[in-house]
Amino acid sequence: MSRLVNRPVKVAARQDGAPILFRYRDQHRVSRILEVWREAGEWWEGKGDRQVYRVETEGGGVFELLFDLTSRNWTLTRSYD
Amino acid sequence: MVHLHVHSAFSLLDGAASPEALVRRAAELGFPALALTDHSSVSGVVALHRAALQAGIRPIAGAEVELLDGSHLTLLAMGPDGYAGLCRALTAAHLGSTRGRPRMPLSALRREEGLIALSGCRKGAAARALLDRSGERAEEALRTLRDAFPNRFYVEVQRGGLPGDAALEAGLSQLARHLSIPEVASCDVHHLEREDFWVHDLLTCVRLGITVDELHPERPLNGERYLLSPQEAAERYRDRPELLGATDEIAARCAPALSFGVRLYPSFPLPPTKTPEGELRRLTYEGAQRRYGRTDGEVGRRLEHELRTIEDLGFADYFLLVWDVVHFAQREGIRFAGRGSAADSAVAYCLEITEVDPIARRLLFERFLSRERAERPDIDLDFDHRARDRVADYLFRTYGEEHVAGVATYQTFQARSAVRDLGKALGFPEAEVKEVQRRLPWLPADAIAERWDLFPELQASPIGPQRLGLLLRACAAVAGLPRHLGTHLGGLVVSRGALSDIAPRQRSAKGVAIVPFDKVDVEDLGFLKFDLLSLRTLAALDEAYKTAPELRDARAAEDPLAIELVARGETLGLFQLESPAQRALQGRMGARGFEDIVHAIAIIRPGPIKGNMVGPYLRRRAGKEEVSYLDPRLRPILEKTYGVVLFQEQVIEIATEIGGFSPGEADQLRRVMTHARSAREMASIGERFVAQATAGGTDEAVAQEIFRMLEGYASYGFPEAHAAAFAHTALRTAQLSARRPEALFAALLSQQPMGYYPPHILVAEAMRRGVRFAPLDIARSESLYRVEADGRVRVGLCAVRSLGPQGEQAILAARGEGPFRSLADLAGRTGLSTDELQALVDAGALDRLDRNRRRLLWQAGRLTHGRGLFPEAPPDIPDFPAWQRFWRQEAVLGLRGPAHLMLQVRAQLQGKGIRPVAQVRRLRHRAEVSVAGVLFRPHRPPTRSGRVVAFFMLEDETGLLDLVAFEEVYRLQGDLLFGDHPPVLGVHGRVERQGRGVTVQARELFEPLPRLRVQ
């Protein structure tokens, strides 16, 4: 089961862009990148591409983090039980 | 690295780049080769080969096909044999599947040893199984494909940035290693650059019929499927560079599939004792005896010259085949006419393919066929449209289904289609899209934004260009890309070998077998194309001669009454002479003979009009301006057209005489001039002409002036031979119109839709010319309009819009058994539907059964919908008032409409000093006038200056009037012509009389009546 979150979050990332650490209620350290993909934004509304990471944290949680390549902001989009 | 999985725009409404653009980009990026793998299509391979040849990279033909289980497979041709195999498999798929969803059995591919297969995208059998979490099925799929393509099968590794990519790759790679199948990198390219993703996504939305706001699994997720540069590819596959190396290995195994310059011309079936050359010679000389009565002297020299050229170029079979087709038509009594530059050939004339004597007219054979150009001859034949398919069937029967097919057309995005499709996908309200579409003139899709301000009807649009910004950008992005394949109206290819070895066959919407290439591509492939065109005029002539058999063999070209009719400008209904521009020209020109008609047909063309040649031609012809020549050598070439360039042959002769070109080179120059796409290209042609002319002793300034004259004309004109061929048909219609107008107009009305004018205008013109009409009558009307014994034209059942041929036949068959006694009797014996019965009532066809149409309509409903729903009509039910009867009649017949509307409002208009058309036509030159009528056919032909001149017509109950609005009026009020025009349009203006022609030059447009607004 997963839950929509859609909250802006602060993220520390590696040089290649992959997240290492993010803050959502608590601090979460990424232990493993499970999946990475790219999504086009709503181009008809002027929105750019996003890079999406599904990550596992050291605490055992699974989250989806979205990095907007235009605004360079991070959003926590989803958390998995 | 080489891109091996690439979709162009021939993956219709999916790929977002043309093959040419893909090749250009691939060459820029330094790739040595490029494959094209469109969805179940090889339509782009000719363009791929052409562009690759020019760019110096190797083309690899292929396709991404769908197997019977719906899985995808990427196929690459290792060379011509592999390509032939691909075409055979595609033919089987297209002809054996539902149209538009071709699927092929794997067995069709097993025997094709010249094909390399790649496992495909996520819809490939193995990827699909793995995504379904079925490793077993994936393994089975890969094993089957590996065995079907021994040493020619690869697993595609796509890294398109999709969720699950890593797991999918891991699964595929594991199986590939297990089954010893090599792997290869693949980008499944759908657009040129990452930034073009939106065009690909938008086209996909159009294909799926959804808006961009809607989700759909078929929509691409991101823009990663573009033509990656070698560096980007190296980065994407940095951990597995061997996958890129595999692309090079595969590319090295593939050779170009096509070689231009091959000839796949059909051979004409002959007994072994005869050669095509000998047979052509025999038939030509036999024909020469009939045509000329001799074969020596000039005739013999000309025929020998032509025959030797035809023989040397290897076209004897082609001529025999065309001869065979026209003789089939003659045997079957099918009316036909040869058109185009074929009429420049005396051989074609002797074979009775054409009716123009090129020797008498001094026509240049080289315009048709030349050694230097060595291009395929193009003989266009017009047939009575009712029999054109029979002629095509004859070719299919004679040469076999495997050797004959229709030709496709690539229907590309133009302004209107782009606005319609993309506007809908972008979520614009339908009404807004329709409004813009309605106002759009014919434009390329990428010119809308830049030309918006040039068109007042667009400026007056309730939706401005700002609101449309994204839509206009989208239109520009898809401009010229193919939207769908159509069927060429007349083109057929006939090949020597099996067509399927070089071009797949598929079914057109009409069910005819076509090859998915357009006319240019089929010729590049090496086929000979035949144009068997449909011409309704020929059917009309055939029908008219049944009424007027005395004119069937008359010499129309020399009939003074026919010429006089044309000279009066009374050309409405005449072939090629009825447009407003032609009618205006005829009024000024006052034709005196056949040659004038040839000139008239040639002069109303973009070339002479843009070249500003109409005025000088008319003034010189009338002796009001001196005929002068820039060089005395131009006199013999241009003398017959008063010193102006009217015909393509004249361009060739000038280039030969002044520029020192050979006839073939000169025709090449003419062609290059036609296709010159930039001022620089045209300037370079000019330099060559001037250089050669001055080298031959012509003064440089004169040479430049002559080139400017040719440049103005370019070649948007007719060959003289073509104009002469059309003039023959035009004068046949003129002769009928002059001597038996009832026969001509009955025939024209029977063959609708055809020509420039709708039926009600033809009827109005016929009545003006004294033709009387008898109303539609269930007891007397035939299927077609028919001239009765008293000379009246009886309206035919074909005029009833909702009554098809079946309904007509049912009526005629039942009537043959006895007259209809009542509506019930008619319905019972014909089985006509309620709609058909009601249409007949409203059309007045049943007036003889009951003059009360309302009561008849009531009965029709009762008969077919049941008595419960429709109680019996009260016996005293009143009929419709007269105006309502008229309107209902107009709705089903399309006759009487606008003129009748004007009758209704005439009193109001008279009160405002607005005159009827017939009165205006009698006013003196320069008289000020106010006139009103129903707007008809506003149009803006091209002008040399680029200034807009709008021509239009007004129709009222007394006739038709031609009007013209110049730039200033158009700028201010063009919307009333091309945009939101009122039901009745008023014009203040000035009468202009030129020769026998009358036009009104508009000073102001207005709405003479208050408009009814529906809220």
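Q: How do you know how far apart domain 3 of chain B and domain 5 of chain B lie?
A: In this predicted model, the C-alpha centres of the two domains are 42 Å apart. The domain assignment places domain 3 at 414–479 and domain 5 at 740–893 of chain B.

Q: Why is B:Glu352 called partly exposed?
A: A residue is buried with 20 or more other C-beta atoms within 10 Å and exposed with 12 or fewer, and partly exposed in between. B:Glu352 has 17 C-beta neighbours inside 10 Å, and therefore counts as partly exposed. The residue B:Glu352 is found in the loop between α14 (346–350) and β8 (380–384) of chain B.

Q: What makes phi of B:Glu352 worth a remark?
A: Phi of B:Glu352 is near 65°, which is a positive value in a residue other than glycine.

Q: Why is B:Arg937 called partly exposed?
A: The class lies between 12 or fewer neighbours, which is exposed, and 20 or more, which is buried. B:Arg937 has 14 other C-beta atoms within 10 Å, so B:Arg937 is partly exposed. B:Arg937 belongs to strand β17 of chain B, and its phi, near 50°, is also positive.

Q: How do you know that strand β17 of chain B and strand β18 of chain B pair?
A: Two strands pair if at least two bridges are found between them. Four bridges join β17 (residues 928–939) to β18 (residues 950–956) of chain B, and therefore the two strands pair. They run antiparallel, and B:Phe936 stands opposite B:Met953 in β18(B).

Q: What makes up the closed barrel of chain B?
A: Five strands form the barrel, in the order β17-β18-β19-β21-β20, with mixed pairing. On average, neighbouring strands of this sheet are turned by 55° against each other, direction ignored. Helix α24 (residues 580–589) of chain B packs on the sheet, and its direction makes about 130° with that of β21(B).

Q: What makes the peptide bond from B:Gln752 to B:Pro753 cis?
A: Its omega is near 0°, and the bond is cis. B:Pro753 lies in the loop between α34 (741–750) and α35 (759–768) of chain B.

Technical notes:
Residues numbered from 1 in each chain as written. Chains lettered and ligands numbered in written order. Predicted model: local features only at pLDDT ≥ 70, side-chain atom pairs only at ≥ 80, totals over all residues. Domains from an automatic or database assignment. Axes fitted to C-alpha atoms, helices over the stretch in contact; angles between N-to-C directions. Contact = placed C-beta atoms within 7 Å.
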